[in-house]
Amino acid sequence: MNCRHCNTPLIHVFCDLQTCPPSNAMVNQDRLLEPETYFPLKTFVCNNCWLVQVDELEKAEAIFNAEYTYFSSFSTSWLEHARRYTEQMIDRFGYDDSSMIVEIASNDGYLLQYFKEKNIPVLGVEPTANTAAVAKEKGIDSIVDFFGSHLAEQQLKAKADLILGNNVLAHVPDINDFVKGVKLALKPNGVNTFEFPHLCKLVSENQFDTIYHEHFSYLSLTAVKTIFEAQGLTIFDVQELPTHGGSLRIFAKHSDCVLHKVTSNVQYILDKERDLGVTNLSYYQGFQTNVDQIKYQVWSFLIDAKREGKKVIGYGAAAKGNTLLNYAGIKGNDLISFVVDASPYKQGKFLPGSRIPVVGKEQIDQFKPDYILIFPWNLKTEIATQLNYCKSWGAQFVVFVPKLSVF
C-alpha cells in the first residue's frame with residue numbers, strides 16, 4: 001500500500017481496529033441469516049506528506065450506494081450549522097442571484113436549501129441516489145455521481161463562484177483527482193471551502209470511532225495544504241469549528257488569484273500542528289493503547305450493568321457507534337437491547353456487525369431504560385436535551401469517547 005497522495009510506501013501503523021463491516025451498511029430483516037463481509041480497518045501515516053489513511057479495501061461505489069442510510073437533515077444542530085454557514089458566506093463574499101454555488105456531497109439538500117431560499121442558484125453533486133432524490137424534491141438540481149476531474153470537465157455546465165464540501169474530503173479515495181476537479185470547476189476568482197474533522201482532535205480526544213471505511217483519509221492542515229498546493233490551489237483562511245468533536249474549515253482559491261489575501265490563521269494552525277508533533281512519527285505512536293482502554297471500558301460497563309439487572313439501550317445508529325461496538329466485539333442484543341434512531345431510513349434494520357435492532361423513539365417510553373448510550377457523542381448535548389424527560393424514571397446517559405462518562 002502506497003500513500004494516496006505522494007505514493008510513498010506506507011509502513012507506519014497509526015491505529016488497527018481489526019476487521020468489521022462498513023459502518024453504515026445496515027442489515028435488513030430479510031438478510032439476518034446471510035453473512036456480512038468484513039474488511040480490515042487499519043490506518044497508516046505517511047512519513048513524507050503526513051496524510052493518515054486507510055486502504056480502499058471496500059470500494060467507494062459499494063459504500064455510497066442507493067441504499068445509503070445517512071440523511072443529514074435529521075440532525076437539527078447540523079441544519080443550524082448549515083444555515084449559519086450560508087449567511088456567513090453571503091455576508092463575506094456577496095453571493096447573489098448571479099452567483100453559482102456547487103456543493104459536493106450535497107446529500108438530501110440540507111445546506112443548499114438555505115442558498116436556494118435566497119434565490120441564489122445552486123447545484124448539488126451527490127453519489128447516493130436516494131439522498132439526492134430527497135434534494136430534488138426540495139427543488140435542488142443534483143448530479144448523481146462521484147465528483148472528480150472527469151465530472152468537472154464533462155458534466156458541469158458552468159463554473160462555480162463557491163464550491164463547498166462538508167465532511168467529504170476525507171471520504172474520497174483519489175484525493176488528488178478530487179482536488180484537481182475542484183480547481184477545474186472553480187471560477188478564476190472563486191472560493192472553495194471544505195470542512196473536515198481535525199486529526200489533532202482525533203488524537204487528543206481518543207476519537208477512534210471516527211475511523212471507518214467511508215473515511216479514507218484523516219486530515220491535518222499540514223497534509224491538506226500540501227495536497228491543495230500540488231493542484232494549484234492556495235489555502236487563504238482556516239477556521240476551527242466545534243462540529244464532529246473538532247473540525248477545520250478551510251478556504252482556498254486558485255494560486256494565481258490576487259483576491260482573498262492569506263490570513264494569519266493559516267500559519268497559526270500550521271504552527272500549532274507542528275508544535276503538537278504532526279510532522280513527527282512519535283506523535284502517532286501510543287494512540288492504539290488509548291483506543292484499547294476505551295474498548296475495555298465498554299466491556300466493563302456493559303457487563304457490570306448486566307450483572308446489576310440494568311436495562312441498557314443506545315441512541316443514534318451512527319457510524320461512530322458501529323465502529324465502537326464492532327471493535328469492542330459486541331454481538332447481539334443481550335447487553336444492549338436496541339438502538340433508537342430518529343431516521344425512518346434506519347428503523348426496522350439492524351446495526352452492521354453487532355446486529356442490534358434499530359427502533360423508533362417511542363420505544364424509549366415503553367422500555368424505560370436505566371442507561372442510554374449516546375453513540376454520536378458529538379451530539380450528546382442535543383440528544384440529552386431531547387431526552388431529558390427520561391431522568392424522571394432515573395435514566396442516565398453514557399458516552400465512551402474520549403472516556404467513559406455517565407451523566
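The legends below describe close-up views of salt bridges and strand pairing in a predicted model. Residues are numbered from 1 along each chain as its sequence is written. In this predicted model, local features need pLDDT of at least 70, side-chain atom pairs count only at pLDDT 80 or more, and totals for chains, interfaces and linings use all residues, while side-chain values use heavy atoms, with hydrogens and water left out.

View 1. A salt bridge here is a side-chain nitrogen of Lys or Arg within 4 Å of a carboxyl oxygen of Asp or Glu. A search of the whole structure finds twelve of them. In the pair shown, the N to O distance is 4.0 Å. Helices (H or I, at least four residues) and strands (E, at least two) are DSSP runs, numbered from the N terminus. Lys42 is partly exposed, at 33% relative accessibility; buried means under 20% relative accessible area, exposed over 50%, and partly exposed in between (1.4 Å probe, protein chains only).

**View 2. Glu80 and Arg84 pair within helix α2.** The closest N and O atoms of this salt bridge are 3.6 Å apart. The two residues are four positions apart in helix α2 (residues 76–93), which means that about one helical turn separates them. Glu80 is partly exposed at 29% relative accessibility, and Arg84 is also partly exposed, with a relative accessible area of 37%.

**View 3. Asp237 and Arg92 link a strand to a helix.** Their salt bridge has its closest N and O atoms 3.1 Å apart. Asp237 is in strand β10 (residues 233–241) and Arg92 is in helix α2, so the pair ties together parts 145 residues apart in sequence. Asp237 is buried at 4% relative accessibility, whereas Arg92 is partly exposed at 38%. Elsewhere, salt bridges that share partners join Glu80, Arg83, Arg84 and Glu87 into one network.

**View 4. Four strands form an open, antiparallel sheet.** The strand order is β1-β2-β3-β9; two strands pair if DSSP finds at least two bridges between them. At the edges are β1 and β9 (217–218), each of which pairs on one side only. Strand β2 runs antiparallel to β3 (residues 52–54), and three bridges join them. Phe44 stands opposite Gln53 in β3.
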